[in-house]
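The following paragraphs lead through the architecture of a single model. Please keep the sequence and the coordinates in view while reading.

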Amino acid sequence: MADKDKPLLIKRYASRRLYNTETSDYVTLEDIAGFIRDGRDVQIVDLKSGDDLTRQYLLQIVAEHESRGESVLPINVLTDLVRSYTTQATSAVPQFLAASFEMFRDSQSKWAESMSSNPMMPKIPGFEAMQAQQEAFMKAMTGKMGNQWSGPEAEGGETEEDLDAIKKQLAELQAKLSKMNK
C-alpha cells in the first residue's frame, strides 16, 4: 500500500522513460501531472546518477500545458521570471513567489470555506473535485515552499530596503487578489 505522506518516487532510466516505483510501471508526464493534481507529491530521480530531476520535470509539465493554450502564467509574469534570473533579485524571488502563493492559497481557502458553508454549493456536481484540484494546483505551484519563509535574517545579505520593497510588492499583490475575489 502506498504511503501518501511520502513523495511518490519516479525513476528516470537512461532511455528517459519514467518508472513509478509504487506500481512498477512506466508513466508519462501527464500521469505525473495527474498524481500532483490528486494531491500527491512526486520526486523524480535519475536512476544512474541519483540526481533529483523533479524541478526539471515540473517545469516541463508547466511548459507543455502553457504550449497547449492552458495558459496560467501571463506573458509579463514569464518575462519577469526570466529577468529575475539575471538580476540581483534572484535570491528574493523564491521567497516572494512562495509568500504570494501562500496569500493566494489562503484567499482561495477562505473563498472555498464560504462557498462550502452555503448549503447549495456542495450539491453542485464537481464542486468537491474542483476544490481538490485547486488545492493540488497550489501545492504543486508553491513546491510546498509557502511555509518556509524565513525572512531577511536567514539570507544574510538583504537590507531593510529590500525587505520594504518585498513588503510593498506583497501588499500590492494582496490588494489585486482582494479585488479579484470581490
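Which residues of the largest nonpolar core touch the most other members? In this predicted model, they are Ile10, Leu18, Ile32, Ile44 and Tyr57, out of a core of 13 residues. Strands E1 and E4 and helices H1 and H2 (54-67) each contribute at least two residues to this core, and H1 gives the most, with 4 residues. As a general background, nonpolar side chains in soluble globular proteins tend to be buried together.

Leaving aside residues up to four places away in sequence, isoleucine 44 touches Ile10, Leu18, Ile32, Asp51, Asp52, Leu53, Thr54 and Tyr57. A second, separate core comprises 5 residues, among them Phe96, Ala99, Ile166 and Leu170.

The sheet can be considered next. Its 4 strands are arranged in the order E3-E2-E1-E4, forming an open sheet with mixed pairing. Strand E3 (25-27) and E4 each have a single partner strand and stand at the edges, so one side of each lacks a neighbour in the sheet. On average, and ignoring direction, neighbouring strands are turned by 35° against each other.

The individual pairings give the details. E1 (residues 8-12) and E4 (residues 42-46) run parallel and are joined by 5 bridges; here arginine 12 stands opposite aspartate 46 in E4. E1 and E2 (residues 18-20), by contrast, run antiparallel and are joined by 3 bridges, with lysine 11 opposite tyrosine 19 in E2. These two strands, E1 and E2, form a hairpin with 5 residues between them, and in the turn arginine 16 has a positive phi of about 75°. E2 and E3 pair over 3 bridges in the antiparallel sense, and tyrosine 19 stands opposite tyrosine 26 in E3.

H2 lies across E1, E2 and E4, and runs at about 115° to E4. Helix H1 spans residues 29-37 and includes arginine 37. Is arginine 37 buried or partly exposed? With a relative accessible area of 29%, arginine 37 is partly exposed, because buried residues lie under 20% and exposed ones over 50%. The side chain of arginine 37 is joined to that of glutamate 30 by a polar contact of 2.8 Å.

Methods: Residues are numbered from 1 along each chain as its sequence is written. This is a predicted model: local features need pLDDT of at least 70, side-chain atom pairs count only at pLDDT 80 or more; totals for chains, interfaces and linings use all residues. Side-chain values use heavy atoms; hydrogens and water are left out. Two strands pair if DSSP finds at least two bridges between them. Buried means under 20% relative accessible area, exposed over 50%, partly exposed in between (1.4 Å probe, protein chains only). A polar contact is a pair of N or O atoms within 3.5 Å; within protein, one must be able to donate a hydrogen and the other to accept it, and residues adjacent in sequence count only if both atoms are side-chain atoms. A nonpolar core is a set of buried Ala, Val, Leu, Ile, Met, Phe, Trp, Tyr and Cys residues joined through side-chain atoms within 4.5 Å. Contact means heavy atoms within 4.5 Å. Axes are lines fitted to C-alpha atoms, for helices over the stretch in contact, and angles run from 0 to 180 degrees between N-to-C directions.
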